Amino acid sequence: MNDLPRIFLTRELPPKSMTKLQAGSRLVFNQEDRCLTKTEIIQGVRDADGLLCLLTDTIDDEILAAGSNLKVVSNFAVGFNNIDVASATRRKIPVTNTPGVLTDSTADMTWALLMDAARRVSEGDRLVRSGTWSGWGPLQLLGADISGATLGLVGLGRIGKAVARRAMGFEMNVKYWNRTRLSTEEESRLGVEYASLKDLLAESDYVSVHVALNEATRHLIGAGEFESMKPTACLINTARGPIVDEKALVAALQSGKISRAGLDVYEREPSLEPELSEMDNVVLAPHLGSATIGTRTKMGNMAVENCLMVCAGDRPVNLVNPDAYV
Ligand code: GLV
(Lines give C-alpha, C1' and ligand atoms only; values in the text may rest on other atoms or scores of the structure.)
Protein backbone atom coordinates (compact mmCIF):
# COMPACT_ATOMS: atom_id res chain seq x y z
CA MET A 1 0.00 0.00 0.00
CA ASN A 2 1.66 3.15 -1.19
CA ASP A 3 -0.13 5.53 1.15
CA LEU A 4 1.65 4.02 4.15
CA PRO A 5 4.41 6.23 5.55
CA ARG A 6 8.02 5.45 4.74
CA ILE A 7 9.86 4.75 7.97
CA PHE A 8 13.59 4.35 8.40
CA LEU A 9 14.59 2.30 11.47
CA THR A 10 18.25 2.30 12.48
CA ARG A 11 18.31 -1.13 14.18
CA GLU A 12 15.92 -4.02 14.70
CA LEU A 13 13.41 -3.73 17.57
CA PRO A 14 11.77 -6.55 19.59
CA PRO A 15 9.61 -8.85 17.36
CA LYS A 16 6.17 -7.54 18.42
CA SER A 17 7.21 -3.95 17.70
CA MET A 18 8.64 -4.99 14.33
CA THR A 19 5.33 -6.63 13.39
CA LYS A 20 3.40 -3.51 14.36
CA LEU A 21 5.79 -1.24 12.47
CA GLN A 22 5.85 -3.43 9.38
CA ALA A 23 2.04 -3.52 9.31
CA GLY A 24 1.76 0.27 9.49
CA SER A 25 4.52 1.47 7.23
CA ARG A 26 6.76 0.94 4.28
CA LEU A 27 9.71 0.03 6.43
CA VAL A 28 13.39 0.19 5.63
CA PHE A 29 15.64 -0.98 8.45
CA ASN A 30 19.19 -1.87 9.29
CA GLN A 31 19.25 -5.66 9.34
CA GLU A 32 22.73 -5.92 10.80
CA ASP A 33 23.26 -6.02 14.55
CA ARG A 34 25.41 -2.87 14.66
CA CYS A 35 25.07 0.91 14.84
CA LEU A 36 24.85 2.70 11.52
CA THR A 37 27.36 5.33 10.49
CA LYS A 38 26.25 8.93 10.04
CA THR A 39 26.50 8.53 6.26
CA GLU A 40 24.22 5.48 6.38
CA ILE A 41 21.65 7.33 8.48
CA ILE A 42 21.75 10.29 6.08
CA GLN A 43 21.17 7.87 3.23
CA GLY A 44 18.29 6.26 5.14
CA VAL A 45 16.43 9.46 5.99
CA ARG A 46 16.64 10.98 2.50
CA ASP A 47 13.17 9.91 1.46
CA ALA A 48 11.74 8.84 4.82
CA ASP A 49 8.61 10.28 6.44
CA GLY A 50 9.69 9.05 9.85
CA LEU A 51 12.95 8.17 11.56
CA LEU A 52 12.88 5.62 14.39
CA CYS A 53 16.26 5.76 16.10
CA LEU A 54 18.15 4.64 19.21
CA LEU A 55 20.09 6.38 21.95
CA THR A 56 23.30 5.26 20.23
CA ASP A 57 22.45 7.29 17.09
CA THR A 58 23.55 10.92 17.13
CA ILE A 59 20.84 12.75 15.20
CA ASP A 60 22.34 16.12 14.39
CA ASP A 61 21.36 19.08 12.25
CA GLU A 62 23.00 17.60 9.13
CA ILE A 63 20.93 14.41 9.38
CA LEU A 64 17.74 16.37 10.00
CA ALA A 65 18.53 18.57 7.00
CA ALA A 66 19.03 15.49 4.81
CA GLY A 67 15.60 14.19 5.78
CA SER A 68 13.68 16.81 3.86
CA ASN A 69 10.39 14.84 4.17
CA LEU A 70 10.87 13.93 7.84
CA LYS A 71 7.72 14.40 9.86
CA VAL A 72 8.93 12.76 13.07
CA VAL A 73 11.99 11.54 14.94
CA SER A 74 10.93 8.80 17.35
CA ASN A 75 13.59 7.82 19.86
CA PHE A 76 13.56 4.31 21.35
CA ALA A 77 14.65 5.67 24.78
CA VAL A 78 13.43 8.00 27.46
CA GLY A 79 16.62 10.10 27.23
CA PHE A 80 16.91 12.22 24.08
CA ASN A 81 20.30 13.88 24.52
CA ASN A 82 21.37 12.07 21.30
CA ILE A 83 19.05 14.29 19.23
CA ASP A 84 19.55 17.95 18.31
CA VAL A 85 16.07 18.85 19.54
CA ALA A 86 16.57 22.58 18.88
CA SER A 87 17.26 21.86 15.22
CA ALA A 88 14.27 19.50 14.99
CA THR A 89 12.03 22.16 16.55
CA ARG A 90 13.30 24.79 14.10
CA ARG A 91 12.45 22.40 11.29
CA LYS A 92 9.00 21.72 12.83
CA ILE A 93 9.84 18.05 13.32
CA PRO A 94 8.25 16.53 16.46
CA VAL A 95 10.64 14.44 18.55
CA THR A 96 9.22 11.67 20.74
CA ASN A 97 10.58 9.43 23.48
CA THR A 98 9.47 6.45 25.63
CA PRO A 99 8.90 7.67 29.21
CA GLY A 100 7.32 5.65 32.00
CA VAL A 101 7.64 2.13 30.61
CA LEU A 102 11.28 1.73 31.65
CA THR A 103 11.03 3.34 35.09
CA ASP A 104 10.81 0.13 37.11
CA SER A 105 13.44 -1.83 35.23
CA THR A 106 15.90 1.07 35.48
CA ALA A 107 15.18 1.45 39.20
CA ASP A 108 15.72 -2.32 39.62
CA MET A 109 19.05 -2.02 37.80
CA THR A 110 20.08 0.80 40.13
CA TRP A 111 19.48 -1.53 43.05
CA ALA A 112 21.29 -4.41 41.35
CA LEU A 113 24.40 -2.22 41.02
CA LEU A 114 24.06 -0.74 44.50
CA MET A 115 23.75 -4.14 46.12
CA ASP A 116 26.51 -5.67 44.03
CA ALA A 117 28.90 -2.79 44.79
CA ALA A 118 28.01 -2.84 48.51
CA ARG A 119 28.15 -6.60 48.99
CA ARG A 120 30.92 -7.33 46.47
CA VAL A 121 28.92 -9.90 44.51
CA SER A 122 30.81 -9.55 41.21
CA GLU A 123 34.12 -9.52 43.05
CA GLY A 124 33.10 -12.72 44.84
CA ASP A 125 31.95 -14.24 41.57
CA ARG A 126 35.41 -13.60 40.11
CA LEU A 127 37.03 -15.20 43.16
CA VAL A 128 34.88 -18.34 42.98
CA ARG A 129 35.41 -18.72 39.23
CA SER A 130 39.17 -18.24 39.58
CA GLY A 131 39.41 -21.53 41.44
CA THR A 132 41.49 -19.85 44.19
CA TRP A 133 38.73 -19.48 46.78
CA SER A 134 39.90 -21.24 49.90
CA GLY A 135 36.56 -21.24 51.74
CA TRP A 136 34.59 -19.05 54.13
CA GLY A 137 36.60 -16.57 56.18
CA PRO A 138 35.53 -14.16 58.93
CA LEU A 139 37.32 -11.25 57.24
CA GLN A 140 36.72 -12.24 53.65
CA LEU A 141 35.22 -9.75 51.18
CA LEU A 142 33.53 -7.66 53.84
CA GLY A 143 31.17 -5.16 52.32
CA ALA A 144 29.06 -2.23 53.46
CA ASP A 145 25.63 -2.25 55.12
CA ILE A 146 22.64 -1.19 53.07
CA SER A 147 19.90 -1.38 55.70
CA GLY A 148 19.81 1.80 57.74
CA ALA A 149 22.35 3.59 55.52
CA THR A 150 21.77 6.98 53.87
CA LEU A 151 20.89 7.04 50.19
CA GLY A 152 21.26 10.34 48.31
CA LEU A 153 19.26 10.67 45.10
CA VAL A 154 20.56 13.27 42.68
CA GLY A 155 17.38 13.96 40.74
CA LEU A 156 13.92 12.79 41.74
CA GLY A 157 11.93 12.27 38.56
CA ARG A 158 10.10 9.07 37.68
CA ILE A 159 13.15 6.81 38.07
CA GLY A 160 14.52 8.53 41.19
CA LYS A 161 11.12 8.12 42.87
CA ALA A 162 10.97 4.42 41.95
CA VAL A 163 14.43 3.99 43.52
CA ALA A 164 13.20 5.80 46.66
CA ARG A 165 10.16 3.51 46.92
CA ARG A 166 12.44 0.46 46.85
CA ALA A 167 14.66 2.03 49.56
CA MET A 168 11.74 1.90 52.00
CA GLY A 169 12.13 -1.88 52.22
CA PHE A 170 15.72 -1.38 53.34
CA GLU A 171 14.74 1.17 55.97
CA MET A 172 17.22 3.68 54.60
CA ASN A 173 17.39 7.41 55.21
CA VAL A 174 16.70 8.85 51.79
CA LYS A 175 17.77 12.36 50.86
CA TYR A 176 17.15 13.93 47.48
CA TRP A 177 18.21 16.95 45.52
CA ASN A 178 16.11 18.07 42.58
CA ARG A 179 15.55 21.18 40.48
CA THR A 180 12.10 21.52 42.01
CA ARG A 181 11.23 20.44 45.50
CA LEU A 182 8.32 18.01 46.02
CA SER A 183 5.30 18.92 48.11
CA THR A 184 5.58 18.00 51.80
CA GLU A 185 2.88 15.36 51.27
CA GLU A 186 4.79 13.69 48.45
CA GLU A 187 8.05 13.87 50.42
CA SER A 188 6.45 12.06 53.33
CA ARG A 189 4.68 9.52 51.08
CA LEU A 190 8.06 8.62 49.52
CA GLY A 191 9.91 8.92 52.82
CA VAL A 192 12.45 11.36 51.37
CA GLU A 193 14.05 14.50 52.76
CA TYR A 194 15.18 17.44 50.61
CA ALA A 195 18.85 18.48 50.85
CA SER A 196 21.18 20.80 48.98
CA LEU A 197 23.48 18.89 46.60
CA LYS A 198 26.44 19.72 48.85
CA ASP A 199 24.75 18.37 52.01
CA LEU A 200 23.44 15.31 50.19
CA LEU A 201 26.95 14.46 48.96
CA ALA A 202 28.47 14.99 52.39
CA GLU A 203 25.91 12.86 54.23
CA SER A 204 25.17 9.94 51.89
CA ASP A 205 26.63 6.44 52.01
CA TYR A 206 25.23 5.80 48.52
CA VAL A 207 24.81 8.54 45.91
CA SER A 208 22.70 7.60 42.91
CA VAL A 209 22.31 9.80 39.84
CA HIS A 210 18.85 10.23 38.25
CA VAL A 211 18.88 13.52 36.35
CA ALA A 212 18.53 13.90 32.58
CA LEU A 213 21.67 14.79 30.64
CA ASN A 214 21.71 18.35 29.34
CA GLU A 215 24.15 21.26 29.37
CA ALA A 216 23.24 22.05 33.00
CA THR A 217 23.94 18.50 34.23
CA ARG A 218 27.05 17.61 32.18
CA HIS A 219 29.79 16.83 34.76
CA LEU A 220 27.39 17.66 37.59
CA ILE A 221 29.44 15.16 39.61
CA GLY A 222 33.13 16.01 39.25
CA ALA A 223 36.28 16.47 41.32
CA GLY A 224 34.72 19.06 43.66
CA GLU A 225 31.73 16.83 44.35
CA PHE A 226 33.90 13.75 45.08
CA GLU A 227 35.84 15.96 47.46
CA SER A 228 32.66 16.51 49.52
CA MET A 229 31.69 12.82 49.66
CA LYS A 230 32.41 10.35 52.46
CA PRO A 231 35.53 8.21 51.93
CA THR A 232 33.27 5.18 52.42
CA ALA A 233 30.69 6.38 49.87
CA CYS A 234 29.54 4.52 46.79
CA LEU A 235 28.44 6.23 43.54
CA ILE A 236 25.80 4.64 41.30
CA ASN A 237 25.06 5.92 37.80
CA THR A 238 22.27 4.42 35.69
CA ALA A 239 21.34 7.77 34.05
CA ARG A 240 23.83 9.02 31.46
CA GLY A 241 27.62 8.76 31.53
CA PRO A 242 28.55 12.42 30.93
CA ILE A 243 26.71 13.52 34.09
CA VAL A 244 29.75 12.14 35.95
CA ASP A 245 33.25 13.32 35.08
CA GLU A 246 34.69 9.84 34.50
CA LYS A 247 38.35 10.87 34.84
CA ALA A 248 37.53 12.57 38.15
CA LEU A 249 35.70 9.41 39.25
CA VAL A 250 38.79 7.32 38.56
CA ALA A 251 40.94 9.79 40.51
CA ALA A 252 38.45 9.79 43.42
CA LEU A 253 38.45 5.99 43.59
CA GLN A 254 42.24 5.81 43.30
CA SER A 255 42.84 8.38 46.02
CA GLY A 256 40.18 6.99 48.36
CA LYS A 257 37.94 10.08 48.18
CA ILE A 258 35.12 7.56 47.71
CA SER A 259 35.27 3.79 48.05
CA ARG A 260 33.11 2.16 45.36
CA ALA A 261 31.04 2.68 42.26
CA GLY A 262 28.40 0.87 40.26
CA LEU A 263 28.09 2.06 36.67
CA ASP A 264 25.68 1.22 33.88
CA VAL A 265 26.62 4.20 31.70
CA TYR A 266 29.88 5.81 30.59
CA GLU A 267 31.04 9.12 29.23
CA ARG A 268 32.08 7.81 25.83
CA GLU A 269 30.17 4.54 25.40
CA PRO A 270 31.19 1.90 24.57
CA SER A 271 34.66 3.11 25.70
CA LEU A 272 35.48 3.70 29.32
CA GLU A 273 38.41 5.10 31.28
CA PRO A 274 40.76 2.10 31.14
CA GLU A 275 41.55 2.18 34.89
CA LEU A 276 37.92 1.35 35.69
CA SER A 277 38.14 -2.17 34.34
CA GLU A 278 41.21 -2.81 36.52
CA MET A 279 39.44 -1.83 39.74
CA ASP A 280 37.86 -4.48 41.93
CA ASN A 281 35.74 -1.94 43.82
CA VAL A 282 33.79 -0.98 40.70
CA VAL A 283 30.86 -2.89 39.20
CA LEU A 284 30.50 -2.30 35.46
CA ALA A 285 27.36 -3.08 33.45
CA PRO A 286 26.95 -2.46 29.71
CA HIS A 287 24.02 0.05 29.75
CA LEU A 288 21.37 -2.51 30.73
CA GLY A 289 18.94 -0.23 32.60
CA SER A 290 15.92 -0.97 30.43
CA ALA A 291 17.13 -4.36 29.18
CA THR A 292 14.29 -6.73 30.04
CA ILE A 293 12.14 -8.45 27.43
CA GLY A 294 8.98 -6.83 28.79
CA THR A 295 10.39 -3.32 29.00
CA ARG A 296 12.10 -3.32 25.63
CA THR A 297 8.87 -4.59 24.05
CA LYS A 298 6.87 -1.78 25.70
CA MET A 299 9.49 0.75 24.59
CA GLY A 300 9.35 -0.59 21.05
CA ASN A 301 5.56 -0.44 20.91
CA MET A 302 5.57 3.08 22.28
CA ALA A 303 8.23 4.27 19.83
CA VAL A 304 6.31 2.70 16.93
CA GLU A 305 3.01 4.26 18.05
CA ASN A 306 4.62 7.68 18.44
CA CYS A 307 6.12 7.40 14.98
CA LEU A 308 2.97 6.21 13.21
CA MET A 309 0.73 8.71 15.03
CA VAL A 310 2.68 11.69 13.75
CA CYS A 311 2.80 10.24 10.25
CA ALA A 312 -1.00 9.90 10.40
CA GLY A 313 -1.25 13.61 11.23
CA ASP A 314 -1.94 13.19 14.98
CA ARG A 315 -0.11 14.78 17.84
CA PRO A 316 1.97 12.09 19.61
CA VAL A 317 1.46 11.28 23.28
CA ASN A 318 5.15 11.40 24.19
CA LEU A 319 6.16 14.66 22.58
CA VAL A 320 9.49 16.14 23.65
CA ASN A 321 9.28 19.45 21.75
CA PRO A 322 5.77 20.93 21.77
CA ASP A 323 7.23 24.03 20.07
CA ALA A 324 7.52 21.99 16.87
CA TYR A 325 3.75 22.55 16.57
CA VAL A 326 3.85 26.31 17.16
C1 GLV B 1 17.97 4.38 28.30
O2 GLV B 1 19.07 4.66 28.65
C3 GLV B 1 16.97 5.30 27.93
O4 GLV B 1 17.19 6.53 27.96
O5 GLV B 1 15.89 4.84 27.53
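In the predicted model, Asn30 touches Leu9, Thr10, Arg11, Glu12 and Leu36, when residues up to four places away in sequence are not counted. Asn30 is placed in the loop between strand E2 (26-29) and H2. With a relative accessibility of 6%, Asn30 counts as buried, because the limit for a buried residue is under 20% relative accessible area. The side chain of Asn30 also has polar contacts with the backbone. One of its polar atoms lies 2.9 Å from the backbone nitrogen of Glu32. A polar atom of the Asn30 side chain also lies 2.8 Å from the backbone oxygen of Arg34.

Asp49 is found in the loop between helix H2 (38-45) and strand E3 (50-53). The relative accessible area of Asp49 is 9%, so this residue is buried. Apart from residues up to four places away in sequence, Asp49 touches Pro5, Arg6, Asn69, Leu70, Lys71, Val72 and Cys311.

Nine residues from domain 1 and five residues from domain 2 take part in the contact.

The model also contains a ligand, and the residues around it are Leu55, Ala77, Val78, Gly79, Leu102, Arg240, His287 and Met299. By type, this shell divides into five nonpolar residues, two polar residues and one charged residue. A distance of 2.6 Å separates an oxygen atom of the ligand from an N or O atom in the side chain of Arg240. For His287, a polar side-chain atom lies 2.7 Å from an oxygen atom of the ligand. In the case of Val78, a backbone N or O atom is 2.8 Å from an oxygen atom of the ligand. On its own the ligand has 190 Å² of accessible area, and the protein covers 90% of this.

Some backbone angles in the model deserve a separate description. Most residues other than glycine have a negative phi, and most peptide bonds are trans. Arg120 is not a glycine, yet it has a positive phi of about 60 degrees. The position of Arg120 is in the loop between helix H5 (103-119) and helix H6 (121-130). Arg120 has a relative accessible area of 17% and is therefore buried. Leu141, which is also not a glycine, has a positive phi near 45 degrees. This residue lies in the loop between H6 and strand E6 (150-154). Leu141 has a relative accessibility of 29%, so it counts as partly exposed. The peptide bond from Glu269 to Pro270 is cis, and its omega is near 5 degrees. Pro270 belongs to the loop between strand E11 (260-263) and strand E12 (282-284).

Glu275 is likewise located in the loop between E11 and E12. At a relative accessibility of 33%, Glu275 counts as partly exposed, because that class takes in values between the 20% limit for buried and the 50% limit for exposed. Glu275 and Gln254 are 21 residues apart in sequence, and their C-alpha atoms are 9.2 Å apart in space.

Ile243 is situated in the loop between strand E10 (234-237) and helix H11 (246-255). The relative accessible area of Ile243 is 0%, so Ile243 is buried. When neighbours within four places in sequence are left aside, Ile243 is in contact with Val209, Val211, Ala212, Leu213, Thr217, Arg218, His219, Leu220 and Ile221. Between Ile243 and Pro322 there is a separation of 79 residues in sequence and 25 Å in space, taken from C-alpha to C-alpha.

How values were computed:
Residues numbered from 1 in each chain as written. Predicted model: local features only at pLDDT ≥ 70, side-chain atom pairs only at ≥ 80, totals over all residues. Heavy atoms only, no water. Helix = DSSP H or I, 4+ residues; strand = E, 2+ residues; numbered from the N terminus. Buried < 20%, exposed > 50% of the residue type's maximum accessible area, 1.4 Å probe, protein only. Contact = heavy atoms within 4.5 Å. Near = heavy atom within 4 Å. Polar contact = N/O pair within 3.5 Å; in protein donor to acceptor, adjacent residues only side chain to side chain. Areas by Shrake-Rupley, 256 points an atom, 1.4 Å probe, with all protein chains shown as cover. Nonpolar A, V, L, I, M, F, W, Y, C, P; charged D, E, K, R; others polar.
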